[in-house]
Amino acid sequence: MKQVKSIFIAILILFIAVLGMPLDSDAKVPDRKVINYVALGDSLAAGYTPVEFGDSGFKLEKIKGYPEYLKDRFQKSNYKVTLNNHSVPGATTIDLVDKLKEEEVINNIAKADVITIDIGANDLLEHLYTNDRSRLYEASGEALENIEDILGIIKESTDANIYVMGYYNALWSLPIEEGTKEELVSFLHQFNHGIKQITETNQAIFVPTFQAIAEDYETYLPYPDIHLSQEGYQAVAKEFWKKMTPRKFGN
């Protein structure tokens, strides 16, 4: 019994000694992986939200968009992130095609490990309040063709992982008649399906957001406006992250 007790005490002393040992100054801690992230898109990637503005209603205010929340998620997963956000509020697909002609943008894309894109909604907005449905469908077809061109241009410059966002129902809180709203939501599903097909044909990854935002419209779209709340941008970032987490990035 004494022998067992002595062995136990010896092990305990050794354990305490190991815990108290100073760290070897030459021991190397694994470096954080470096990741270059490029965000392209419209005001959703830029990060704008409506806020109350006295008695006159609300105004748009710059906050963190989903790219910034994605950067936070990468950093919490031990990545060192450089984010180049080239999104522009109000941008259309043609605007993004033109943006891809800028030297700085193409240089950042060439170095990118991850690229996110949301584009196309502004091509359609001006046609939502008209009765000319044929022009709305024409605009969506033109937007989809431009998205295919955008992906082609990007893929010529990089082998980065590319993620393309599908749109949520931004019409939920807008003053549109219910019958018309249902028709437009059905059209939105078709538009998203088109984005998904083009995205996957070009070996990129489609990120749906419709259902995620529909789970809590009052929190994510609290004003009669198409822009998300802070919580809404976090929810969109979460949907992107679901598609990203099985993959490895950076050097």
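Glutamate 218 is exposed, with a relative accessible area of 64%. Exposed means over 50% relative accessible area, buried means under 20%, and partly exposed lies in between (1.4 Å probe, protein chains only). Glutamate 218 sits in helix 10 (residues 217-220). Helices (H or I, at least four residues) and strands (E, at least two) are DSSP runs, numbered from the N terminus.

This is a predicted model, in which local features need pLDDT of at least 70, side-chain atom pairs count only at pLDDT 80 or more, and totals for chains, interfaces and linings use all residues. Residues are numbered from 1 along each chain as its sequence is written, and side-chain values use heavy atoms, with hydrogens and water left out.

Glu218 also belongs to a patch of negative charge on the surface, together with Glu215, Asp216 and Glu231. Patches are made of residues with over 30% relative accessible area and no salt bridge; like charges are joined within 9 Å, and nonpolar side chains (Val, Leu, Ile, Met, Phe, Trp, Tyr) within 5 Å. Asp and Glu count as negative, Lys and Arg as positive, and His and the chain ends are not counted.

Next, the paired charges. A salt bridge is a side-chain nitrogen of Lys or Arg within 4 Å of a carboxyl oxygen of Asp or Glu. The count by this rule is eight salt bridges.

| Salt bridge | Closest N to O |
|---|---|
| Glutamate 239 – lysine 242 | 3.1 Å |

Aspartate 98 is partly exposed, at 38%.

Lysine 196 and glutamate 200 both lie in helix 8 (residues 178-201), four residues apart, about one turn of the helix. An α-helix has 3.6 residues a turn, so residues three or four places apart point the same way. Lysine 196 is partly exposed at 33% relative accessibility. Glutamate 200 is partly exposed too, at 41%.

Glutamate 239 and lysine 242 are separated by about one helical turn, because they stand three residues apart in helix 11 (residues 230-244). Glutamate 239 is buried, with a relative accessible area of 15%. Lysine 242 is partly exposed, at 49%.

A network of salt bridges links Arg135, Glu138 and Glu142.

Now helix 5 (residues 103-110). Which of its residues are buried? They are Val105, Asn108 and Ile109. Seen down the axis of helix 5, these buried residues fall within an arc of 100°, so they line one face of the helix. The arc is that of the directions from the helix axis to the C-beta atoms. Glu103 and Glu104 are exposed on the other side of helix 5.

Two buried positions remain. Glycine 41 lies in strand 1 (residues 33-41). Glycine 41 is buried, with a relative accessible area of 4%. Its C-alpha atom is 8.0 Å from that of threonine 116, a residue 75 residues apart from glycine 41 along the chain.

Leucine 174 is placed in the loop between strand 6 (161-165) and helix 8. Leucine 174 is buried, at 10% relative accessible area. The C-alpha atoms of leucine 174 and leucine 221 are separated by 10.0 Å, and these residues are 47 residues apart along the chain.

Key: Accessible areas come from the Shrake-Rupley method with a 1.4 Å probe; for residues, only the protein chains shown count as cover. The place of a charge is taken as NZ of Lys, CZ of Arg, CG of Asp or CD of Glu.
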